[in-house]
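Colleague: I have a structure to go through with you. Could we look at it together?
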Amino acid sequence: MRIIQLFLFLFFTLNSFAQDCKIDGAEVMEDKPLIRKRTILDTATVKVLYELQYREDSTKAEKTKAQTILLCGDTHCMFLDYYTILADSMAYAMEKQKASPLEFMGKIHNLHKKRKFKIEILTDFAKDITSVCEEAIETYAYTEPAASFSWNLAEGDTTLLGYKCSKATCTFRGRNYIAWYAQDINIPLGPYRFGALPGIIMLMYDTKDNYIFTLNGLETNPTTNNLIYQKEEGSLFHKGEKEKMRAIIKKENEHWTESILSSPIIRIDPEVAAKMDRTPDPYNPIELE
């Protein structure tokens, strides 16, 4: 079990304020700002919520449940965990109020415990590029051309949330997907990177039942949690070529404990380190290629 995962989760997400902050035998040996600054890029004209169920271990049946959100405006689109949006919003509000670090940590702790989906995707329509930011032990980012899809509009229909839905299939980065989209909602959007169908995607899943996205909220011209933004790079933020960044992410997820023990920024109490489980962790990313 990742016995210091909660600490790392809080620290790396919030860029902890404390020097030599220690919990459960782990110390991080740098001063950090309370939060990373952000640049507002756009305001969403459409907000879509998708419940995500996914298998962290592809060999087991149980799934982890996450709430995700898609924000789409005139120039940019952003997809990430819903609780990341909530925590960020609260963090920036508290920064304006000059809240103390302890108050900051206390109030958003519960929001970050609920955050499950550790990938943030930002697409720039004018440049036709996507910036991907993924958290492992530290945070890694890369930029690549925006995804394109070769959809096969298949036979079959069903009804979801009272809307008649049509079927489409595609293959994307190692997984085969089935999507059900509602033509009566003429919004060509979908979860994660998916879209460009003649209607909004209501339900989407891969054929091996590893990732399932279900629409559970839709709002046009939203007035809350509607900002599309990009955070500034922090000292625990690494940006580079896609292949290199994904290789590091894979290594840290598959060998979480060993990666912590070898990290130059984390000091583990020897007694705690001796008890840590070094068994490789399951890793079942949404993109296999």
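Colleague: Which residue in β14 is the bridge partner of V46?
Modeller: T220 is the bridge partner of V46 in β14. Strands are DSSP runs of E with at least two residues, helices are runs of H or I with at least four, and both are numbered from the N terminus. This is a predicted model, where local features need pLDDT of at least 70, side-chain atom pairs count only at pLDDT 80 or more, and totals for chains, interfaces and linings use all residues. Residues are numbered from 1 along each chain as its sequence is written, and side-chain values use heavy atoms, without hydrogens and water.
Colleague: How many bridges join β4 to β14?
Modeller: Nine bridges join β4 (residues 46–54) to β14 (residues 211–220), and the two strands run antiparallel. Two strands pair if DSSP finds at least two bridges between them.
Colleague: And what packs on the sheet there?
Modeller: Helix α2 (residues 82–96) does, touching β4, β5 (64–72), β6 (76–81) and β7 (119–124). Contact means heavy atoms within 4.5 Å.
Colleague: What is the strand order of the open sheet?
Modeller: The twelve strands follow the order β10-β11-β12-β13-β14-β4-β5-β6-β7-β8-β9-β16, with mixed pairing.
Colleague: Why is one side of β10 and of β16 left without a neighbour?
Modeller: β10 (152–160) and β16 (237–239) stand at the edges and each has a single partner strand, so one side of each lacks a neighbour in the sheet.
Colleague: Changing topic, how many helices and strands does the chain have?
Modeller: The protein chain has six helices and 17 strands. Of its 289 residues, 51% are buried, meaning under 20% relative accessible area with a 1.4 Å probe, protein chains only.

Definitions and conventions: Buried < 20%, exposed > 50% of the residue type's maximum accessible area, 1.4 Å probe, protein only. Axes fitted to C-alpha atoms, helices over the stretch in contact; angles between N-to-C directions.
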